Amino acid sequence: MLTFQIRSRDSNSGARTGLLEVGGHRIDTPVFMPVGTQASVKTLDSAELEAAGAQIILGNTYHLLLRPGPERMSRLGGLHRLMSWPRAILTDSGGYQVFSLSDLRKIREDGVEFASHKDGSRHYLTPERTIEIQEAIGSDILMPLDVCSPYPCDRARAREDLRLTLQWVRASRVAFDGRGYTDRALFGIVQGSVYPDLREASAQRLRDLEMDGYSVGGLSVGEPPEERWPLAEVSLRHLPDERPHYLMGVGTPEDIVTAVGLGYDMFDCVLPTRNARNGTVFTSRGKLVVKNRTYAEDERPLDPDCDCSTCRRYSRAYLRHLFNVGEMLGPRLATLHSIHYYLKLMKDVRRSIDLGSFAAWRRETIQRWTEGPEERG
C-alpha cells in the first residue's frame, strides 16, 4: 500500500532523502505539503500548485465533513476529481479541531461529539467514521482520530489523552484493514504532551501496530522551542527508521530545516499561506512584510533569488500597493511566492543531503535568514 525507500543520509545528522510511493503517486522526501483545508490551498488553483512543484497537499477531514460532506464528495468522485488535483492527498483526522474547538465538543470513550462552528449542527466522530469519511474524500494517506493535548497540560490529562489516542488508533487500524485497501496508507500519531516517557510509550505502542508511517503530533501548540525540539527528538527515537516520519503542523522554514536534521520526512503548516494573505512573505533573506512603507517605491522583487512568477514580473512596490488598496491580487501573488519558496527550500534540502553538504548548507541558509531582507537605502 505504501513503500518508502531511503536514498541518502547525512553523515552528521539524522537528515535523509527518500522516495515515498502511495496510490500510484511518487513523492520525494523531505517534502512540504501545502494545506488545502476546504479543498483549496487558499487563493491558488491546482495548476499553480503543480507548476510550483507541490507533490502532495493536505485536506481537512473536519471541514470537509461539514461542507460539502462525505456523501456528496463520494458522488463527485472524491477530492482529487473535485479540485482537479492529480497528485497525492493526505488528510488529517479532525483530531486537531477537537483540540482547537474545545468549547464545542465532548470527548467520549469511543469518539468525539461536537457542534459545527458554522451552523451548530451536531456530529459524532468515531475512529471508524473517520476512516469512512477519509475514504469518501479519496485520501491517499489517512490519519487516525486522536486527542491533541493542550499546552500547558498536567500529566494526568496527558496520560488520559494518550490512552484514548492509542485506543482509537487500534480501532482505526482494524477499520482500515477491514476495508481491504490496496492503494492507501494509514499513519499512527505519537502524542504525550510535554512528557518524554509518555511520548516514548506512545511511539513504542504504535511501532507494535506496524503502521504504514508515523506522525508526531501535539507540538507547535504553544510550547517554547526549547521544549519542542527535545520532545520531537524523543518522539522519533523509538519509531521504525525504515518508515516515513511526519512532524505535524511545523512550521517556519527554520523549524523545518531543524526537524529535517532530526530525521523527519514530511511537513505541513498554514504559516506560508496565512502569513502571505496578511502581507508577510518568506524569502531567502528571511521574512519580509511587504505592507511596510519602506517598500512603497521599491522596484525590486520580493526575493531577488526567487524565480517564481511573482518575483519575475512584479515589484515590492506593486505588491504593497495591492495590499494598501485591498486588491485580492495582492494576497494571491504573495501566497504564490511563499508556496514556491517553501517547495524550492525542500528541493534545496534534498539536494544538499544527496551531495553530503547538508550541514554547511544549513549554516549558510540560516545565516542569510538572520540577515533579513535588505531595506531600500
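This is a predicted model: local features need pLDDT of at least 70, side-chain atom pairs count only at pLDDT 80 or more; totals for chains, interfaces and linings use all residues.
Reader: OK, how many aromatic pairs does the structure hold?
Author: Seven. Rings of Phe, Tyr and Trp (its six-membered ring) pair if their centres lie within 6.5 Å; planes under 30 degrees apart count as stacked, over 60 as edge-to-face and the rest as tilted.

Reader: Why is the pair Phe-176 and Tyr-181 called tilted?
Author: The ring centres of Phe-176 and Tyr-181 are 4.9 Å apart and the planes are at 55°, so that pair is tilted. Both residues are buried, meaning under 20% relative accessible area, with exposed over 50% and partly exposed in between (1.4 Å probe, protein chains only).

Reader: And what about Tyr-314 and Tyr-318?
Author: Their planes are at 25° and their centres 5.4 Å apart, so this pair is stacked. Tyr-314 counts as partly exposed at 26% relative accessibility, and Tyr-318 counts as partly exposed at 31%.

Reader: Which residues form an aromatic cluster?
Author: Phe-32, Phe-282, Tyr-341 and Tyr-342 form one.

Reader: Switching to helices: how do H6 and H7 cross?
Author: The axes of H6 (residues 127-137) and H7 (residues 155-178) come within 8 Å and cross at roughly 50°. Helices here are DSSP runs (H or I, at least four residues), strands are E runs of at least two, and both are numbered from the N terminus. Axes are lines fitted to C-alpha atoms, for helices over the stretch in contact, with angles from 0 to 180 degrees between N-to-C directions.

Reader: Which residues make the contact?
Author: On H6, Pro-127, Glu-128 and Ile-131; on H7, Trp-168, Ala-171, Ser-172, Ala-175 and Phe-176. Contact means heavy atoms within 4.5 Å.

Reader: What comes after H6?
Author: Gly-138, with a positive phi near 90°.

Reader: Last one: which residues of H13 are buried, and what covers them?
Author: In H13 (residues 316-325), Arg-316, Ala-317, Leu-319, Arg-320, Leu-322 and Phe-323 are buried. Their cover includes helix H11 (271-277), strand S17 (286-289), helix H12 (309-313) and helix H14 (329-354). Gly-326 follows H13, and its phi is positive, near 80°.

Key
Residues are numbered from 1 along each chain as its sequence is written. Side-chain values use heavy atoms; hydrogens and water are left out.
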